Each structure stands twice: as structure tokens, then as C-alpha cells.
Amino acid sequence: MDTIQEVLLSHGDSVTIVPNNLTVIAKYNDLVVGIANVEQKKYGVQFHPEVDLTVNGMQIFRNFLFEIAGLRANFLMANREQECLNYIRSHVKSKTVLLLASGGVDSTVCAALLRKVCSPDQLIILHIDNGFMRKNESLQVVESLKKIGLKVIHRDFSDRFRYARRRRPEEEDGADYVSVVSPTLMETVDPEEKRKIIGDTFMEVANVVLKEDLKLELNDVLLCQGTLRPDLIESSSKMASQHSEAIKTHHNDTNFVRQLRARGLVIEPLTDFHKDEVRRLGLDLGLPAELVNRHPFPGPGLAVRVICANEPYKAKDYDRTVILLRIICSFSSPTWHVRLQNKFKTICHFS
């Protein structure tokens with residue numbers, strides 16, 4: 001490789017002192033961005049080789065894995081699929097499994113894995129409409145899951161979510177439901193607070209369905225989640241690191257979920273996967289491309305992006321905004337034509 005490389009630097013962090021047993025192997029101006037102990041085969045970088053903006057990032061990984069660490073590329077996605085199936089089989093046995101299926105790729109891949117291991121009467125696949133899905137999206141999710149042979153329970157808890165509050169003190173990890181400690185979701189603007197309310201409410205309403213419809217308690221089932229490695233890292237879960245700070249709380253790693261996890265009531269077959277790997281696994285499992293390539297935040301993520309209010313608000317340029325959103329949403333189509341009429345007459349043609 002050339003001695004000059006284009007990389008994406010880590011923002012906010014910098015190396016000030018290099019230990020005696022390490023030497024600087026890369027710099028950007030005065031910043032240290034690479035250190036190594038060649039004899040001990042130890043290397044560290046202060047940039048992101050895993051992203052596309054680091055032009056030769058994959059080559060850096062190949063050099064380290066195969067030239068330095070001496071590994072061989074003989075571990076295939078089929079091996080990882082089998083590992084997931086073995087994990088599920090060893091944990092589930094004869095137990096009943098509850099999967100909250102959002103319609104996103106992570107939970108859908110989990111459903112496909114469960115279907116290969118569990119009998120139909122062991123599976124409870126529940127889709128909850130939290131009121132923040134796109135128009136008619138919940139119906140589309142249920143239909144798409146039914147098409148791949150899954151029996152789905154669909155419940156609309158839109159009103160419950162709008163008026164939901166966070167019900168446990170943040171400092172008591174895994175505490176039972178206690179006093180109300182937040183405004184309602186529709187009055188909440190802070191993204192982190194929204195995530196906590198949504199995560200808690202998902203578990204609350206799932207418990208309602210189990211009790212009222214299925215005559216079960218949450219303690220009677222295993223909760224299966226499509227939790228990925230980045231989810232755990234960003235939520236500062238102890239499963240990923242003992243020393244990390246939270247970037248954002250994921251709805252699948254709230255205090256209540258951590259309590260269930262500590263009691264052995266949660267199975268998460270994808271915790272060593274990243275999003276691109278899950279998509280590949282989904283294709284290998286025979287899932288259709290429209291499910292595998294689905295937009296990654298079908299519910300909670302959209303809720304965070306909606307500024308809530310007591311009643312719907314329609315801006316004066318709403319119609320124009322709808323047209324623009326349709327343009328954006330159609331980017332995945334191979335060909336599309338749009339005509340806008342505003343101050344200027346604009347014709348767009350993309351092929």
C-alpha cells in the first residue's frame with residue numbers, strides 16, 4: 001500500500017502520549033493516527049478502516065488478518081447461520097418464544113431462524129403498531145411476514161404509545177414498574193427520553209397481549225430479539241463493553257430488557273452481527289429482497305424523528321412536502337419521473 005492513504009479520522013479523540021513499547025506508524029499533521037509494536041504484532045489506528053470513506057480500509061483489514069495475524073478466510077456465512085441455529089436450539093428447547101416483529105430486517109431474520117428450529121406452536125410472533133409507522137405500513141409488514149409462512153398477531157397500540165411515560169427510575173437498572181418519571185411521549189422532544197419511553201412501552205403492551213389474549217405471563221416465555229452488535233455498543237451494554245459510554249438507548253436494550261436478560265429470559269442470536277451481515281444472512285435464508293433491504297427503522301427510529309404535539313399539525317406547504325418525500329422514497333426505483341410546480345417549473349428524470 002502507498003504511504004499516503006485517504007481515511008476517515010475518529011472525531012473527538014486523540015492520542016497525546018504513546019507508550020514506550022509502541023511506535024508511531026501513521027500521522028495526520030501533528031495527530032497520531034497509527035501505532036504499532038511490530039515484534040509483538042500489535043497495531044492500533046485512530047481512524048475508521050471499516051467505512052467506505054477510508055478508501056483502502058478493506059485492504060488494511062486483509063493485511064492485518066491474513067499477513068500479520070495469519071488467519072485463513074475459511075469461515076463462511078453458512079457457518080454463522082448454523083451457529084445461530086445451534087444457539088437458538090440450545091436455549092429454546094421446548095420453551096415458548098415471543099418475537100416482537102417490527103418488520104425490519106433484524107427481527108425478520110430472527111423470525112426466519114426461529115422458523116427453522118421451533119415448531120409453530122412454540123412461536124408467538126407479535127407485531128405492535130406504535131402509531132409512528134408510515135401510512136398503512138403495519139398492514140404491509142403483517143402481509144409480508146405472512147407471505148413467508150409466519151403466523152403474526154397484529155395489535156394497534158397507537159393511543160397507548162402517545163400517552164405513554166417512562167415508568168422506572170433510570171438509576172435502578174432493571175427495576176420493576178414504579179412511579180411515573182417523564183411526560184407523555186407526545187409531549188417529549190428529547191430523543192433519548194423518547195427511546196426509553198418507547199422501549200418500556202413495547203414491553204408493557206407485549207405483556208398485555210400475553211396476559212389478555214394468550215393467558216401467559218412475560219416470565220413464561222423467552223423473548224427473542226434481533227439485537228445487533230452496534231445496538232449493544234451504542235447502548236453501552238455490558239455485553240459489549242464494561243467501560244463504554246452510552247451513545248443512545250436502543251428499544252431492545254432498555255433497563256427492563258436488561259432485567260429479563262439477567263434472568264435468562266432473552267435470546268439474541270444476532271449479537272455478533274452488523275447490519276450488512278444480517279442482510280446477507282437474510283438472503284441466504286431465502287427472504288425476499290424487499291424485506292432484507294427494508295429501511296432500518298420501521299418504528300422507534302421514526303418516532304424519534306417526529307416532533308410530537310397534542311394534535312396533528314399540517315403546515316401550509318404540506319402538499320409540496322408530500323411530493324418531495326415521494327421523490328426521496330422512490331430513489332430505490334430504477335426509473336422515476338416527477339414534475340413539481342412551485343415558483344419554478346422543474347422536471348426531473350432519473351434513469
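**A walk through a predicted model**

The protein has an average pLDDT of 82, and 84% of the residues score at least 70; pLDDT is the predictor's confidence in each residue, from 0 to 100. This is a predicted model, so local features need pLDDT of at least 70 and side-chain atom pairs count only at pLDDT 80 or more, while totals for chains, interfaces and linings use all residues. Residues are numbered from 1 along each chain as its sequence is written, and side-chain values use heavy atoms, leaving out hydrogens and water.

Over residues 170-177 the pLDDT stays under 50, and the model gives them 19 contacts beyond four places in sequence (a contact means heavy atoms within 4.5 Å). Residues 334-351 are also below 50, with 27 contacts beyond near neighbours in sequence.

I25, V38, Y43, M58, F61, F64, L65, F66 and L71 make a nonpolar surface patch of about 780 Å². Helix α1 (residues 57-68) brings the largest share, five residues. V38 sits in the loop between β2 (31-37) and β3 (42-45), and V38 is exposed at 56% relative accessible area (buried is under 20%, exposed over 50%, partly exposed in between, with a 1.4 Å probe and protein chains only).

A disulfide is a covalent bond between the sulfur atoms of two cysteines; here the rule asks for a pair of cysteine sulfur atoms within 2.5 Å. The count is zero.

Methods:
Patch = residues over 30% accessible without salt bridge, like charges linked within 9 Å, V, L, I, M, F, W, Y side chains within 5 Å. Areas by Shrake-Rupley, 256 points an atom, 1.4 Å probe, with all protein chains shown as cover. Salt bridge = Lys/Arg side-chain N within 4 Å of Asp/Glu carboxyl O. Helix = DSSP H or I, 4+ residues; strand = E, 2+ residues; numbered from the N terminus.
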